[in-house]
Each structure stands twice: as C-alpha cells, then as structure tokens.
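Visitor: I have a model open and a list of labels for it. I would like to know what stands behind each label.

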Amino acid sequence: MTGRLRLVAVLASGLLASLVGTGTALAQDATQVIGVTVEHADGFASLSWDSVAGATDYQIERTPVNADDELTGPPVIVGLWRPNRTVTPDSPTFADAGFNPGDRFRWRVRARTGTTEHPFSDPVFGTTLPQWGDPDVPGENLRTQWEQTQAVQYTSDVNEYAYTAALDSASDRVRVVEIGRTIQGRPINMFIIGYPTPPRNVPAVAGSTVALVNCNVHGNEPSSREACLIMARELAFANDQRTLDILSNTTVLIVPTINGDGRAANTRGNSTGQDLNRDYSLIREPETFAFVEMMRDYDPEAAFDGHEFGNNQAGDLPVLPPRHLNVAQSIFDQSKSMIEDFFYERGSDDGWWYCPYGCQNGGEVGLSQETILRNTLGLKSVIGSLLEARSAGGVTRPNETNTPNNRRRKTYSAIYTYQQFLDYQLANQQAIAQAIEESIAFQTSNTGRIVFRGSYPIPAFPAPHPGEAPPPDEDPTPEQILDPPPCGYVLTEQQWSEPQPDGRPVGDRMVAHGIRVAHRIGRQDYWVPMDQPQRGLIPLLLDGQAAEPIAAAQRIAC
Ligand SMILES: [Zn+2]
C-alpha cells in the first residue's frame, strides 16, 4: 500500500491509535529517532520513522506487552535497517515479521553511526493482526497445521489435502483439480479461484486472464507452500473490494506442492533425486510433465515460482525475471518492469527488501537454463519472476535464530509478494496482454538469431547500493548461436514414438508442451516448424548442439 491508502486502511480498521507515535515529541537529542509509527498488515508490522542525519543504520527493538502496555518479556533487537535496502533511503520503513500474529508489542527504534548507538525513540505500541479469517465463520476458520502449531510444524501432506478439500467444499470461489501425481502417488493439486465462481471448465479458464503461483518445487524450501495455502483461504473468503476486483478480472491458479515427495522427505529433488527445477523443458519426471501440460491447457498470462535461498547477505526477497536470450524482448521488459518499477517501490514503502536474485555476491545463480521454470515461462510468453526468500535471518533480522520466527517471516513475506503480484497483474492487464501478443508475433515470425544459452543482463539494485551485485552476465559463445535461425527440425518416427535414453518418447513431450508438429505420413517423419509461439524453446529441445536437448533432430536450414 502507498501512504494514502495505508492511512485509509488504518482508519477503517479502527487502529488510529497505532498511528499515534513520537512525531509530536521533541527529540532530546538530534540523533534520537522521532516520528515512529506502526502499521499492521498480514503477518507483519511496518515501522516507519524520520531519518536521522548521519545515521549509518537503525536498530528496531520489539518487546511483548500486555493490554495495559506493561512489558511481559525481554526487549529484543529484531531488525537492522540500512538505507541501502530500499529505493527510498530517506524514508526508513522496516517490515517487522516473525512474531505470532495477534500478539501485542512495544517497538522502539534507534539510529547508529558506525557502532555508536544513539538513544532509542519514544515507544509505540500495537496489537498485531491475528491469523487471517474470523474464527467463528465456517471456511474462514480453517487453519493449516503450520498455523495451528504456531509455525512449529510444517503442514504435512495429509493435512494439506484435508485443508484443500475443506476449502474446496466451503467456498464457491474455489475449485480444486488434481493435475497429476508424484512418483510416489501423491496428488498434485491446483486451486482454481475466481469470483463469483471460477470459470466453469479448462477452456473457459484459458480464455480468462490467468495468474499462476507455483509454490514449492524444492521440497526443502517450504515457506511459499505455507504462504499459498493461507493465501488460497484469503482469496476464497475475503470480501474487501480489492480481492473482489482481482477475482472478478483474474483467475488465480495456485499449485501448492508440485513436489509432494520431496516435501515429505524434506529434500530438494523428487523421490529419484531429480531437481525438478532443472526439468521444466525436458519434462522427464511425472511432476514437471503434469505441470507443463497444465500450462498448455490453462494458458496463464503471468506466474511466480516460490523458493528460498541460503545467502545470509541477500535481501529479504530476491526476485528475477526470465532472462534466456530467446525470450522475447517484450516479455523480458514487462517482467523486469514488474520487479523494478513495482516490487522495488512497493517493497520500500512497506519495509520489505527486494533485490535481484544473486544480489550481495550470491554467486553463479539466476542463469539462462531453459530447464528452470523462470526461463521456461518466458519462452512460453508468460510474464513472471521467481522468489528466493532468504533462508536465514542474517544480520538484518537477528532474532531469527528462533525457528518459528524465521519461518513466519518467510511465509508472510511470501504472502505479501504473491498478493502484490496479483495487484500488479490486475493493474497491468492490458500491458501484459500487449507484451504477450508482441512475443507471439515475434516468435512466430522466426526472425533473428537463436541462442542455446545466454542471458539478458540484469541491473544491480538501484543506487545507493555499492557492491550489491546482480546475477552474472552470461554471453553466448559463437557455438551457442544459430544465425540465421533454422526453419525447423525433423524427428524420425523412432525419435517421435520410442522411449529416449532419458525417458519418454520425444513425441509425448512435444504434445505436452503444446508445440505444433506435422506428421508427414509419406516421409514417415515429423516436422517441427520454427514459425510458432514456442520458437525460442524448440532448438533447445531438438538441436544436438544445444546444452540439454531431448534428442538430436535434423536441423533444416531455411
Ligand atoms: Zn529453490
């Protein structure tokens, strides 16, 4: 929310008292922070204050209090705010998260110059928002295992399926479909959410504007899965105008757990050890195969892919668009704009620290592999990003050695991200549709070089951010470029219909991707033309010179 909307929301919810801060008090000392206010949101509280000249950073202190504002526990430094974590360094705002929703606290903020601590601000007090949903209203009162245990336990597969079925039956806005099964037979469910009801069948969904969230591909990165299960309930029952506007204009698809076997075992890969986020182009595994078929049928316009990342120095919420060089410029630009012009600004307003994935020396991450969903999406003309919530608290959130606090910060910041994503999608539907149209026209024209691997450059987080590195540049070598592009590829009957060394026949995978192919009966082969919407993906799958092809088909020059 921006400032004015925020004030209205606070007034409307009767929390005016929480805005009464220290702004009217005269500081005893020019280095004492004044103007502290707190605003309560879904699982977090945004603390804002007036910047202090010469301060290098600020510490945020939180103390539990009772209804009479008497301290009931020790004060703890929960945050370290630095001017370089925002695009508005003169407007300090910190999203404090990790507490148990509904608890009441006292907050104080102090500036530091180097290691010199200046006096704390006067305190502000507030009761945080409880877990979303009225406990007395059926449906709204559903809670996941993670919520019920106050983040001590993750939601199990069994609990996920029970919660999902209960939401499905309690809300007219929700339909749950099973898009496939894992190797061990766990259902891969998808919420289809719309208002007043979701579109009635698959073609009707595809004909609507669709936003997709893939919540948990890496089983040991579970925070976005918990976020998605909660967000599904919010979308199913919230009656505020914003939610109704989103759901009246957008069909929201949520896949909470594509990798149920990996989640159950707390492993990155699936039950064979395969990293599913290196398989979205090759679709050797049943989980990714089902997901790609779903994308073909439901035809999303925009998507987010949820992860966690173990770089303690990174921002709260690293994000990154599709950047393979075969992605159309319009898709890259729109996705990048979503991140830079929307998430960076909203995040700064509300106290969350976004940055490009790879920021703060994250290493060789965020590259161009088409096997990664982020890139596969772009090659399918979908706007999007991944989210890589920082695993640990790091120096900026020193209280997160407390495990439930750490889990809550990640989960509630993921909910924030996906709700913002829906806001962006609603506000930019026409621009997104235009970018997709341009992408399809560009791909179908089969003009310009083909690159096997290589990335659009990603700018660093804007100034003042010395040393905050974006993901590395990745320029294609001459062998990784086909210029001019080929006209198509020929698959033999055997390649098309017989199992390949890595699994399924090529034909099954072409069909799952929705790539147009002509069966030439007289020649007993299959012709895959380049002049079609997934043109950028085809050589990556079928050219023997590609980095990870399914098969080496015959390349045909124009
Ligand atoms: Zn991941």
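Guide: Aspartate 69 has a relative accessible area of 27%, so aspartate 69 is called partly exposed. Keep in mind that this is a predicted model.

Visitor: Why is aspartate 69 called partly exposed?

Guide: Buried means under 20% and exposed means over 50%. The 27% of aspartate 69 falls in between, so the label is partly exposed.

Visitor: Where is aspartate 69, and what is its phi?

Guide: Aspartate 69 sits in the loop between strand S3 (57-64) and strand S4 (76-81). Its phi is positive, about 65°, although aspartate 69 is not a glycine.

Visitor: What makes phenylalanine 452 buried?

Guide: Its relative accessibility is 2%, and the cut-off for buried is under 20%, so phenylalanine 452 counts as buried. Phenylalanine 452 is in the loop between strand S17 (450-451) and S18.

Visitor: Which residues does phenylalanine 452 contact, leaving aside neighbours within four places in sequence?

Guide: Its contacts include His324, Glu370, Ile481, Leu482, Pro539 and Leu540. Asp543, Gln545 and Ala546 are also among them. Tyrosine 344 is 108 residues from phenylalanine 452 along the chain, and their C-alpha atoms are separated by 31 Å.

Visitor: Which residues does arginine 242 touch, not counting residues up to four places away in sequence?

Guide: Arginine 242 touches Gln419 and Asp423. Arginine 242 and aspartate 423 are 181 residues apart in sequence. In space they are 8.4 Å apart, C-alpha to C-alpha.

Visitor: Now the helix pairs. What describes two packed helices?

Guide: Two packed helices are described by the angle between their axes and the distance between the axes.

Visitor: What are the angle and the distance for H6 and H12?

Guide: Helix H6 (residues 223-237) and helix H12 (residues 403-427) pack at an angle of about 55°, with axes 8 Å apart. H6 passes H12 in a right-handed crossing.

Visitor: Which residues of H6 and H12 meet?

Guide: On the H6 side, Ala227, Cys228, Ile230, Met231 and Leu235 are among them. On the H12 side, they include Tyr412, Ala414, Ile415, Tyr418 and Leu422. By class, the contact of H6 with H12 has 10 nonpolar, 4 polar and 3 charged residues.

Visitor: How do you know that H9 and H15 are oblique to each other?

Guide: The axes of helix H9 (residues 286-298) and helix H15 (residues 506-513) cross at roughly 45° and come within 7 Å. Parallel would need under 35 degrees and perpendicular starts at 65, so H9 and H15 are oblique. Phe289, Val292, Glu293 and Arg296 in H9 meet Asp508, Arg509, Val511, Ala512 and His513 in H15. By class, the contact of H9 with H15 has 4 nonpolar, 1 polar and 4 charged residues.

Visitor: Which peptide bond at proline 196 is cis, and what is its omega?

Guide: A cis peptide bond joins tyrosine 195 and proline 196, with omega about 0°. Proline 196 lies in the loop between strand S10 (187-193) and helix H5 (202-207). Another cis peptide bond joins aspartate 483 and proline 484, with omega about 10°. Proline 484 is in the loop between strand S18 (481-482) and strand S19 (488-492).

Visitor: How does the radius of gyration of the whole protein sit against the globule rule?

Guide: For 558 residues, a compact globule would have a radius of gyration near 24 Å; the protein has 24 Å, so the two agree. Its C-alpha trace spans about 90 × 50 × 40 Å along the principal axes. Of the 558 residues, 58% count as buried. The secondary structure comes to 16 helices and 22 strands.

Methods:
Residues are numbered from 1 along each chain as its sequence is written. This is a predicted model: local features need pLDDT of at least 70, side-chain atom pairs count only at pLDDT 80 or more; totals for chains, interfaces and linings use all residues. Side-chain values use heavy atoms; hydrogens and water are left out. Axes are lines fitted to C-alpha atoms, for helices over the stretch in contact, and angles run from 0 to 180 degrees between N-to-C directions. Helices (H or I, at least four residues) and strands (E, at least two) are DSSP runs, numbered from the N terminus. A crossing is left-handed if the near helix is turned anticlockwise from the far one by less than a right angle, and right-handed if clockwise. Contact means heavy atoms within 4.5 Å. Ala, Val, Leu, Ile, Met, Phe, Trp, Tyr, Cys and Pro count as nonpolar, Asp, Glu, Lys and Arg as charged, and the others, Gly among them, as polar. The radius of gyration is taken over C-alpha atoms; the globule rule is 2.2 Å times the number of residues to the power 0.38. Buried means under 20% relative accessible area, exposed over 50%, partly exposed in between (1.4 Å probe, protein chains only). Angles under 35 degrees count as roughly parallel, over 145 as roughly antiparallel, 65 to 115 as roughly perpendicular and the rest as oblique.
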